[in-house]
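Q: Could you take me through one part of this model in close detail? I would like to look at the nonpolar core and what surrounds it.

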Amino acid sequence: VLQEGDYRAQKEAAWAVCNFTVGGTAAQVGTLIKAGVIPPLCQFLQVRDMQILQVILDALLTMLKMAGSDAQTVANMIEEAGGLDQIERLQHHENVDIYKLAYEIIDSYFSQTGDEDEALAPQATDNNFQFGAGVPKGEFNF
């Protein structure tokens, strides 16, 4: 029903899944994830209904939190289902609650810290910044 029902049935199924994530145990939520609920939930992130958006973001955040050491696996499932792009888009949503949920998900589970190239980071020297890339000495040869 969540994947193939009419919109109204899908919406009700999404609510049921989301309620289950809030009231279920980590093992039960894990079973739900293995049953394939992430892709249809991610597809629902395209709707304009603010209430359902908030509920789905809440459910995805709860799944990520309950996954514990498997959170990266769940994050990968969300990304593979196209959910990351939708969640990034929702960081610019007019509804503050939706924005905050999207931001929390991205910040907690998708931001890649430590991937920056330290050589490119600016170094502060005498009130100036020195960048590691620098300008090559000598002439350019084309």
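A: Happy to. The largest nonpolar core has 38 residues, and those with the most contacts inside it are Leu41, Ile56, Met63, Ile78 and Ile87. Two or more residues come from each of H1, helix H2 (26-34), H3, H4, helix H5 (71-80), helix H6 (83-90) and helix H7 (96-110). H4 gives the most to this core, with 10 residues. Please keep in mind that this is a predicted model. As general background, nonpolar side chains in soluble globular proteins tend to be buried together.

Leaving aside residues up to four places away in sequence, Ile56 touches Ala14, Cys18, Leu41, Phe44 and Leu45.

Phe44 then leads us to the aromatic residues. The structure holds 2 aromatic pairs. In one of them, Tyr7 and Phe44 are stacked, with 5.8 Å centre to centre and 25° between the planes. Tyr7 lies in helix H1 (residues 7-23) and Phe44 in helix H3 (residues 38-44), so this pair ties together parts that are 37 residues apart in sequence. The two partners can also be described by their accessibility: Phe44 counts as buried at 6%, whereas Tyr7 is partly exposed, with a relative accessible area of 42%.

Now for helix H4 (residues 50-66), where Met66 is found. Met66 counts as partly exposed, at 28% relative accessibility. Beyond residues up to four places away in sequence, Met66 touches Thr21, Gly24, Thr25, Ala26 and Val29. For Gly24, which is 42 residues from Met66 along the chain, the C-alpha separation is 9.9 Å.

Stepping back to the protein chain as a whole, the secondary structure comes to 7 helices and 2 strands. From the N terminus on, the elements run α-α-α-α-α-α-α-β-β. Among contacts between residues at least 6 apart in sequence, 58% join residues at least 24 apart; the Tyr7 and Phe44 pair, 37 residues apart in sequence, spans such a distance along the chain. Buried residues make up 33% of the 142 residues. As for the surface, the chain exposes about 9400 Å², and carbon and sulfur atoms supply 49% of that area.

Conventions: Residues numbered from 1 in each chain as written. Predicted model: local features only at pLDDT ≥ 70, side-chain atom pairs only at ≥ 80, totals over all residues. Heavy atoms only, no water. Phe/Tyr/Trp six-rings, centres within 6.5 Å; stacked < 30°, edge-to-face > 60°. Helix = DSSP H or I, 4+ residues; strand = E, 2+ residues; numbered from the N terminus. Buried < 20%, exposed > 50% of the residue type's maximum accessible area, 1.4 Å probe, protein only. Contact = heavy atoms within 4.5 Å. Core = buried A, V, L, I, M, F, W, Y, C linked by side-chain atoms within 4.5 Å. Areas by Shrake-Rupley, 256 points an atom, 1.4 Å probe, with all protein chains shown as cover.
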